[in-house]
Amino acid sequence: MTDYALLERQLQALLDTRDWLTNAAQTCAFLMQEVEGLNWAGFYLQRRPQTLVLGPFQGKPACNPIPFSKGVCGAAARTRATQRVDDVHAVADHIACDAASRSELVVPIVADDRLWGVLDLDSPHPARFDAADQAGLERLVAVFVAASDLAASDLAASDLATD
Ligand code: SME
């Protein structure tokens, strides 16, 4: 079982800059190292209206871009609610970046009431993520948000005016 309280303290110590890019890169490398059974961990960022674009990640090259209307990541962006999928094959519009992926957890990242992006974790194991993983990863996302100057991502507010 993953000790998320420990990971929370370690991530807080690791994120020693306000730079969102450095912190995002460190966060996905940290998750890939510390959370067992993952084949992909990374960020998609909202840098265009209703669209997620690939950000820092660990794992195989991934699908880009992802419209809000598609896939598990799109559902997380649209609803701003964490999506926990035990069997991605059962999700009709799941976007298969890697055929090995069987389960998925996507946590929305909201700052100042704006959807900044999502954190996406994939696993080759069915039902890899339970409620404790969801709660733990939501706390780790909160650590990332608190540590980072998300407003400084080079997204012009006007780019999202049609949201
Ligand atoms: N499976 C995701 C797409 C992103 S990849 O897993 C990295 C989805 O359905 O949104």
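In this predicted model, helix α3 gives three residues to the lining of the largest cavity, the largest share from any element. Strand β1 (40–48), α3 (71–79) and strand β6 (114–123) each supply at least two residues of that lining. The volume of the largest cavity is about 190 Å³. Its lining consists of 19 residues, and those closest to the cavity centre are Ile95, Cys97, Glu104, Asp120 and Asp122. By class, the lining of the largest cavity comprises 10 nonpolar, four polar and five charged residues.

The largest pocket holds about 200 Å³ of space. Its lining is made up of Met1, Thr2, Asp3, Tyr4, Leu7, Glu34, Glu36, Arg128, Asp130, Ala132 and Asp133. Two or more of these residues come from α1 (4–14), and two or more from α4 (131–147).

β1 and strand β2 (residues 51–59) run antiparallel to each other and are paired over seven bridges. Arg48 has Thr51 of β2 as its bridge partner. The two strands form a hairpin with two residues between them, and in the turn Gln50 has a positive phi of about 55°. β2 pairs in turn with strand β3 (residues 66–67), again in the antiparallel sense, over two bridges. Here Leu52 is bridged to Ile66 of β3. The hairpin that joins β2 to β3 passes through six residues. In a regular strand, side chains alternate between the two faces of the sheet.

Five aromatic pairs were counted in the model. The pair formed by Trp40 and Phe57 is stacked, because the ring centres lie 5.3 Å apart and the planes meet at 15°, where stacking requires an angle under 30 degrees. Trp40 belongs to strand β1 and Phe57 to strand β2, so that the pair links parts of the chain 17 residues apart. The two residues were also assigned to accessibility classes. Trp40 counts as buried because its relative accessibility is 5%, and the limit for this class is under 20%. Phe57 has a relative accessible area of 28% and is therefore partly exposed. Elsewhere, ring pairs join Trp20, Phe43, Trp116 and Phe144 into a cluster.

Phe144, a member of this cluster, is also a contact of Asn23. Asn23 is located in helix α2 (residues 20–34). Its relative accessibility is 0%, so Asn23 counts as buried. When residues up to four places away in sequence are left out, Asn23 touches Leu15, Asp16, Thr17, Arg18, Phe144, Ala147 and Ser148.

Methods:
Residues numbered from 1 in each chain as written. Predicted model: local features only at pLDDT ≥ 70, side-chain atom pairs only at ≥ 80, totals over all residues. Heavy atoms only, no water. 1 Å grid on protein atoms, 1.4 Å probe; cavity = no way out; pocket = protein on both sides within 12 Å on 5 of 7 lines; lining within 4 Å. Points joined across faces, edges and corners; volume = space filled by probe spheres on them. Helix = DSSP H or I, 4+ residues; strand = E, 2+ residues; numbered from the N terminus. Nonpolar A, V, L, I, M, F, W, Y, C, P; charged D, E, K, R; others polar. Pairing = 2+ DSSP bridges. Phe/Tyr/Trp six-rings, centres within 6.5 Å; stacked < 30°, edge-to-face > 60°. Buried < 20%, exposed > 50% of the residue type's maximum accessible area, 1.4 Å probe, protein only. Contact = heavy atoms within 4.5 Å.
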